[in-house]
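Please brief me on this protein model.

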Amino acid sequence: MGFPGTWMTESESMVYRVVPKCACSTIGQIMFYSDHGTFFDGDIHDSTAGLHKWSQADSQPLIESNVKKHKSMSFTCVRNPYTRILSSFFDKICGIQRNGRRYRGNLVPTLIQKYGIEVGSPEDGFEFDQIKSFRRFLLFARDTIRFRRPMDPDIHWSAMSGHISTFIVNGGRYDQIFWTENFNDGMGKVLKATKTPKKVDLKKIPRFNESEGHGPKRAHPVEDYFDDLSMHLVYEIYKKDFQLFKYDFEDPSNKMPVGEIDLDEVHAKLGD
């Protein structure tokens, strides 16, 4: 299986396991900058040079050798499951993608037909009942993850623990897992422990949110989207994420972690 979703700087200064919807655009640009002193011109997910990626055949032996020998700082970044699934909904289901189309072609029409989800359109200002549609999307997300229908789970709403586990199962070990909600502190520790060709000043690094402006803005506080049933569905999908990455399941309004991540626990529970 190798190391899907893994990026590495060309200098091999650091290795990153991508978790979608967890600041991956910003992290990728920081990695690119740390080697080249400039940012990638465009969405870093589209880069085919300047950054090693497992999706690039020439990069695979280099990444595999580095990870298995643990030659570099290896890390990943996580996010509160409540805000992550909301972000996935507004970006991938409601939003218009970089190519000017809806995500995954016929996905949104399928959701409209089978789940009664509304998404609005740019022409009408994305006017629709966000809370009702989001709660119906949660049913769909649960069905994809638990029953693999009407499709396999998508990387943007499948559990973070699933992404993170592939790195461990195939022979990697994380030196750091940090929170999106405390990004500068976590990424700062990664950079402090890493010798990069170019100096990175985190205070001057912009945030690269490639989905921003492509869809509706969230109209309500996070907690308004989650009633008791919605919270139950979220916990059913993301139980390991809440437990391992120390987020507060009981209070959707609290996006901050409530404890420290135990790396030994993560490796033990995700390494099977």
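The points below are grouped by topic.

This is a predicted model: local features need pLDDT of at least 70, side-chain atom pairs count only at pLDDT 80 or more, and totals for chains, interfaces and linings use all residues. Residues are numbered from 1 along each chain as its sequence is written, and side-chain values use heavy atoms, with hydrogens and water left out.

**Sheet and covering helices**

- An open sheet of 5 strands runs in the order β3-β1-β2-β4-β5, with mixed pairing. Strands (E, at least two residues) and helices (H or I, at least four) are DSSP runs, numbered from the N terminus. Two strands pair if DSSP finds at least two bridges between them.
- β3 (51–53) and β5 are the edge strands, and each pairs on one side only.
- On average, neighbouring strands of this sheet are turned by 25° against each other, direction ignored. Axes are lines fitted to C-alpha atoms, for helices over the stretch in contact, and angles run from 0 to 180 degrees between N-to-C directions.
- β4 (residues 73–78) and β5 run parallel, joined by 4 bridges. C77 stands opposite F178 in β5.
- Helix α1 (residues 24–36) lies across β1 (6–9), β2 (14–17), β3, β4 and β5. It runs at about 25° to β1.
- Helix α7 (residues 183–192) has buried residues F183, G186, M187, V190 and L191. Buried means under 20% relative accessible area, exposed over 50%, and partly exposed in between (1.4 Å probe, protein chains only).
- Seen down the axis of α7, its buried residues fall within an arc of 135°, so they line one face of the helix. The arc is that of the directions from the helix axis to the C-beta atoms.
- The cover over the buried residues of α7 includes β2, α1, β4 and β5.

**Nonpolar cores**

- The largest nonpolar core has 57 residues, and F137, W157, F226 and F245 have the most contacts inside it. Such a core is a set of buried Ala, Val, Leu, Ile, Met, Phe, Trp, Tyr and Cys residues joined through side-chain atoms within 4.5 Å.
- The largest share of this core, 8 residues, comes from α8.
- Apart from it lies another core of 22 residues, among them M31, M73, C77 and V190.
- F137 is in contact with I85, F89, I93, I117 and W157, leaving aside neighbours within four places in sequence. Contact means heavy atoms within 4.5 Å.

**V78 and the cysteines**

- V78 is found in strand β4. It counts as buried, at 0% relative accessibility.
- Not counting residues up to four places away in sequence, V78 touches residues including C22, M160, F178, F245 and I261.
- How many disulfides does a search of the whole structure find? The search finds 0. A disulfide is a pair of cysteine sulfur atoms within 2.5 Å.
- The closest cysteine sulfur to that of C22 is in C77, 5.9 Å away, too far for a bond.
- C22 is buried, with a relative accessible area of 0%. C77 is buried too, with a relative accessible area of 0%.

**Backbone exceptions**

- Most residues other than glycine have a negative phi, and most peptide bonds are trans.
- A cis peptide bond joins R149 and P150, with omega about 5°. P150 lies in the loop between α5 and α6.
- E12, in the loop between β1 and β2, has a positive phi near 60°. E12 is partly exposed, with a relative accessible area of 22%.
- H70 has a positive phi of about 50°, in the loop between α2 and β4. H70 counts as partly exposed at 33% relative accessibility.
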